[in-house]
Amino acid sequence: MSSRYGKKLHKLKAKGRLRELLPMKQCGAGIVNYKGHTLLNLSSNDYLGLGQDTELRQRFYQGLDYNESGESGFAAASSRLLTGDFPLSHYLEDELASAYESESVLLFNSGYHANIGILPALFAKGDLILSDKLNHASIHDGLQLSRADHKRFRHGDYAQLHDLLTKYRKQYDQVVIVSESVFSMDGDEAELDRLIELKHEFDVRLYLDEAHGVGVYGKKGLGKAEEKGVLQEIDFLVGTFGKALASIGAFVCCSKEIHDYLVNHSRSFIFTTGLPPVTINWNRFVFQHMLTMNRERHHLQQISTQLRHALTEKGIATGGSTNIVPVLIGEDGLALKQAKQMQELGYLVLPVRPPTVPEGTARFRFSICANMQWKDLQKLPFHIAAMAAGADSEK
Ligand SMILES: Cc1ncc(COP(=O)(O)O)c(C=O)c1O
């Protein structure tokens, strides 16, 4: 008799939803070896290709200071509030604050830590959090941990958000709107202008998660708020190092008062070991390098747009406007089967299934990176159209 865990795993497998770990070897720019096959990696968030840039990595190691100060070490050895705070962390925070023209910046260990740590710390009983339904799981978990009331509005439905604000604003002390700038599963973007209008109309705060915007958008790569010229309008701007910045960690741009409040109240900041010096060094190095990568950002937009157009021309259901290009498939089992077919054709595509995306919307999520060329992508629409035709003829 299997345990209840075994039964649940069995059920997930039967539904085509079992998640499994997939060890794979990185073999150079955008290429991985998976189960003995060399594949183009269309599932990575290394949007600028910095994680695969061996020359850049060498330059970093050569420049590292291996002296006795311990500032290149691998151990923070305690929370930043004990002995795990280094001058390096403050240099990085100052550099981020200067680039974002923000009064203050606080580092977190990851985007997940940031979202589950900031929302519950800042919003309490008597407050209301209004969150886009397609916001990342870390934001949803932050809502669950907060004592504030929360409501989720339909994805990008700012008319519904306006109605909610009209109905509820007066009942709450503080209200905050939470949105991603680039939505990671649909590749579409928030209308920042509209959100800012609502912020002023109803006197609320704006929390923007730029996990998929940092590195990719704006002249300096600071994200969508920079691109739209609205950095100063965002009350809490969360950026991460785990995606285009090829590292780990996150930060929030905020006022000095909020910085100090988070240092005292944000549990995922207080009760965890700080980032190690070697990582902070790399984060400083890679952030400065990223600021200069306009040519790569331009190329990335160009090939992503080209792919989206080519898919549309073939009648394939896609959407969005960014370097994340979704292909809607629908049923979980079909997405699983077609992902395997794509792997046989030389592409690492992983099926994204519920609960990560809504029921009935299993999909591929092509994650286009700046170290790819159009010739790497141009056959994709033909392969997908052929698979779709094959699936139709089997019905
Ligand atoms: C929008 C968004 N926010 C936060 C996170 C979490 O960031 P991290 O991977 O640094 O924990 C992710 C990760 O996928 C994300 O997509």
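Visitor: Which residues in α3 meet which residues in α11?
Guide: Leu 88, Ser 89, Tyr 91, Leu 92, Glu 95 and Ala 99 in α3 meet Pro 277, Ile 280, Asn 281, Asn 283, Arg 284, Phe 287 and Leu 291 in α11. Residues are numbered from 1 along each chain as its sequence is written. And this is a predicted model: local features need pLDDT of at least 70, side-chain atom pairs count only at pLDDT 80 or more, and totals for chains, interfaces and linings use all residues.

Visitor: What makes two residues "in contact"?
Guide: Their C-beta atoms, placed from the backbone, must lie within 7 Å. By that rule, 19 residues of domain 1 are in contact with 16 residues of domain 2.

Visitor: Why are α3 and α11 called roughly parallel?
Guide: They pack at an angle of about 20°, with their axes 9 Å apart. Angles under 35 degrees count as roughly parallel (over 145 is roughly antiparallel, 65 to 115 roughly perpendicular, the rest oblique), so α3 and α11 get the label roughly parallel.

Visitor: What is the handedness of the crossing of α3 and α11?
Guide: That crossing is left-handed: the near helix is turned anticlockwise from the far one by less than a right angle.

Visitor: How is the chain divided into domains?
Guide: Domain 1 covers 16-48 + 294-393, and domain 2 covers 77-291. Those bounds come from an automatic or database domain assignment. The C-alpha centres of the two domains lie 28 Å apart.

Definitions and conventions:
Axes fitted to C-alpha atoms, helices over the stretch in contact; angles between N-to-C directions. Helix = DSSP H or I, 4+ residues; strand = E, 2+ residues; numbered from the N terminus.
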